[in-house]
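Have the sequence and the model to hand.

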Amino acid sequence: MRFDSYQTQGFRDEMFDDAGVVRPEARLLLDTIESLEEGQLLQCQRAAERLLLQMGITFNVYGDSAGAERIFPFDLIPRIVRNDEWTWIERGLKQRIHALNEFIDDIYHDQKILKDKIIPAEVIHSAAFYRPQCTGINPPRRIWCHITGTDLVRHSDGLIYVLEDNLRVPSGVSYVLENRDLMKRTFPQVFEGSRVRPVDDYPSNLLEMLESIAPRGAADKPTVVLLTPGMYNSAYFEHSFLAQQMGIQLVEGRDLEVQDDAVWMRTTKGLRRVDVIYRRIDDDFLDPLAFREDSLLGVPGLVGAYRAGRVALANAPGNGVADDKVVYAYVPDMIRYYEGEEPILLNVPTFLCWRAEDRQHVLANLDKLVVKSANEAGGYGMLVGPHSTAAEREEFAAKIAANPRNYIAQPTLALSRVPTVVDGQFEGRHVDLRPYILYGKEINVLPGGLTRVALRKGSLVVNSSQGGGSKDTWVLAASSGDMG
Amino acid sequence: MRENPPLLSRVADSVYWMARYIERAENVARFIGVNLNLQLDLPMEPAQQWQPLIDTSGDTEEFKKRYGEASQAKVVEFLTYDAANANSIASCLRAARENARSVREAISSEMWTQVNSMYLEMQAQRRMPDPGQLPEIFRAIRLGCHLFQGITDATMSHSEPWHFVRMGRKLERADKTSRILDVKYFILLPSARVVGTPYDDIHWSAVLKSVSGFGMYRKKHGRISPRDIVDFLLMDRDFPRSIRFCIHCADESLHAITGSPMGSFVYPSEQVMGLLRAELDFTSVDRILSGGLHEYLDSLQEKLNTVDNSVLDDFVTRREVDEATVAQTQS
């Protein structure tokens with residue numbers, strides 16, 4: 001297969017420049033692919049899909065017939081990120097996560113940022129994931145966002161924007177590791193001479209971070225567990241994968257109990273103390289005594305033990321206050337306020353519908369803007385103006401009028417594209433990028449992250465539940481010194 | 001030296017059942033395979049030949065209600081593909097895979113890939129295949145299960161979770177051997193008209209083949225004799241499908257789990273398992289036959305159930321009382 005007839009069609013392309021010339025960092029990849037025998041690439045692609053199914057790397061689709069499992073489609077053409085650009089992204093992410101963590105800690109303590117009127121207090125108090133129950137809690141090392149999966153996109157202006165911060169329970173990192181593994185198994189020749197920075201140390205870094213937040217008084221080797229809602233959760237594969245990679249126990253709520261403000265797991269030899277919980281259950285379901293009473297997934301008394309400092313939770317409950325899309329609009333102000341610096345990464349300009357003048361603008365420009373509900377994820381509850389029907393726009397206008405606090409709007413970004421194998425040839429498809437950031441003793445960014453690709457022609461929605469797939473992401477090392 | 005991490009009760013339960021379901025699927029596949037082969041040699045009514053298979057699995061009532069009189073096609077459908085039959089091969093593989101999926105981090109990835117591949121293969125078949133393909137299909141299932149067991153022993157650390165796997169496998173195997181012996185013995189003995197004919201040997205050989213024991217039996221006993229066959233399947237020291245052998249292995253694993261020395265007990269499960277083991281060690285085939293084999297096998301199956309229940313009681317559902325007792329005896 002060749003790229004001769006590949007068209008960038010006026011979109012920003014990650015592999016070719018606007019004149020259709022391959023970017024220098026992608027030169028070697030292009031040559032390797034074009035030197036393959038006819039049909040070989042498609043063979044690799046099919047082999048990869050077979051492996052995914054065999055290895056059971058699947059996700060469950062909600063609303064589908066019970067227990068339906070699907071593979072998350074994988075495309076063999078990697079997305080390449082230049083080293084100098086990555087260094088800049090990494091700096092920007094560290095700055096942003098640090099500021100967000102300061103913000104969350106402030107919100108649950110003195111609320112200086114509200115008192116100084118940088119952010120209106122009512123925005124925080126009306127945020128869906130604000131948890132007054134967390135006020136006054138001092139998590140170990142004062143860290144609230146241990147694991148973050150920030151969504152980045154590149155617009156037609158060539159600049160990188162932060163789309164969402166995803167502080168609560170970000171998923172997808174297992175696909176980063178499995179995609180790389182899959183690439184190496186099915187398409188090893190492309191790695192030759194490419195200097196791709198490895199991603200395999202993520203599980204060790206994650207475990208080290210989790211051990212670093214163990215409460216004082218825990219054993220030398222603290223007991224860390226991963227708490228999953230169970231095998232019918234859409235991200236179950238990832239929970240089990242990460243537990244296996246770290247060599248820790250994968251537990252469900254029913255495996256744990258709280259006695260004397262400490263958390264214990266039920267083993268064949270009786271109860272064993274647990275020190276750190278990497279929880280992949282939303283705040284709401286964590287503890288029926290603290291949050292939703294009807295939760296069967298959680299552990300009664302868990303938040304009490306956490307508050308007493310006898311167990312550490314990652315991520316910290318309550319950190320979702322910063323995931324609210326209205327709060328998102330204030331992140332650049334937070335960075336200036338807490339860090340005393342200008343933000344390195346750009347925010348997408350955001351119209352807040354609870355402000356009258358913003359709302360008027362949004363309602364008048366529904367066909368041009370993307371409207372999002374302030375607290376939904378997964379590509380649900382949003383309107384992509386240019387792709388919408390008049391009926392959909394009316395529906396959203398009514399929703400905005402009924403609950404302006406819950407809606408924001410942003411210009412429709414023309415996400416950049418990467419060549420993707422479609423029906424036996426290369427076509428451009430829109431992508432985003434989700435790097436993973438760990439915050440323990442220091443802030444550590446996994447080189448690359450998950451590149452999600454909207455496989456439907458013209459689609460801008462990359463979510464796995466909405467017809468998205470993924471690609472391997474290559475951050476190229478500047479010199480061999482960056483390889484480890 | 002670093003101690004092994006504690007084992008979650010839920011995980012112990014899941015790996016135990018994963019192993020039992022794989023072993024069950026393998027046994028059902030072998031029973032059907034042997035019967036398919038047997039019909040080539042024996043002039044028998046289909047119902048007469050296929051009904052015992054249903055009786056072996058213990059699902060006589062359910063089968064009768066839904067299928068009526070036994071025939072090859074009906075029995076193969078019921079025992080292989082029927083999702084409503086919890087003991088069909090398809091159901092066993094599904095259950096084994098669900099259990100494995102819930103503890104993927106506790107087993108090796110090779111084990112997971114194998115059980116997942118078998119499940120996907122079964123899903124892909126679904127329809128009733130051409131009768132000519134059946135022997136190959138059951139052979140493939142049998143081999144798949146053997147492969148899973150080989151992978152398990154070669155890739156999973158032989159620590160506590162593995163001992164639960166082994167215990168599940170051996171207890172299931174003991175149960176299946178006792179069932180096939182019971183059903184076949186019951187059917188074969190009264191048929192006086194075939195005694196001494198070539199058909200008699202064929203029947204008894206089939207019993208041995210049902211547990212893959214024909215060759216090993218021949219080596220040890222030579223002539224086909226019902227008494228020796230019962231002796232071999234119940235009490236042989238070395239044959240891996242004899243009930244005594246299975247109970248020895250299960251007992252070893254149980255003591256590896258608890259840490260108490262062989263021949264002693266702390267947990268109730270160790271006591272019931274030890275009693276069963278002693279009984280098999282010190283009884284004799286003539287004694288059993290004089291009291292009635294069927295009666296003996298009936299009480300044996302009851303004892304196997306008691307062992308199964310007390311293992312789960314001791315390690316999975318654990319009552320508070322037990323914990324206190326165990327803590328005392330361990331200190």
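Predicted model: local features only at pLDDT ≥ 70, side-chain atom pairs only at ≥ 80, totals over all residues.

Q: How do you know that the span of helix H2 (residues 40-54) of chain A agrees with its number of residues?
A: The expected span is 1.5 Å times one less than the number of residues. For the 15 residues of H2(A) that gives 21 Å, and the end C-alpha atoms are 21 Å apart, so the two agree.

Q: Which residues of H2(A) are called buried, and what makes them so?
A: They are Cys44(A), Ala48(A) and Leu52(A). A buried residue has 20 or more other C-beta atoms within 10 Å of its own C-beta.

Q: Why are the buried residues of H2(A) said to line one face?
A: Seen down the helix axis, they fall within an arc of 75 degrees, so they share one face of H2(A). They pack against strand S2 (69-71), strand S3 (74-81) and helix H6 (173-186) of chain A.

Q: What does the face of H2(A) turned away from the buried side carry?
A: That face carries the exposed residues Arg46(A) and Arg50(A). Exposed here requires 12 or fewer neighbours by the C-beta count.

Q: How many helices and strands does chain B have?
A: Chain B has 16 helices and zero strands.

Q: Why is chain B called as compact as a globular protein of its length?
A: Its radius of gyration is 20 Å, and the globule rule gives 20 Å for 331 residues; the values are close, so the description holds. Buried residues make up 45% of the 331 residues in chain B.

Conventions:
Residues numbered from 1 in each chain as written. Chains lettered and ligands numbered in written order. Helix = DSSP H or I, 4+ residues; strand = E, 2+ residues; numbered from the N terminus. Arc of directions from axis to C-beta. Contact = placed C-beta atoms within 7 Å. Rg over C-alpha atoms; globule rule 2.2 N^0.38 Å.
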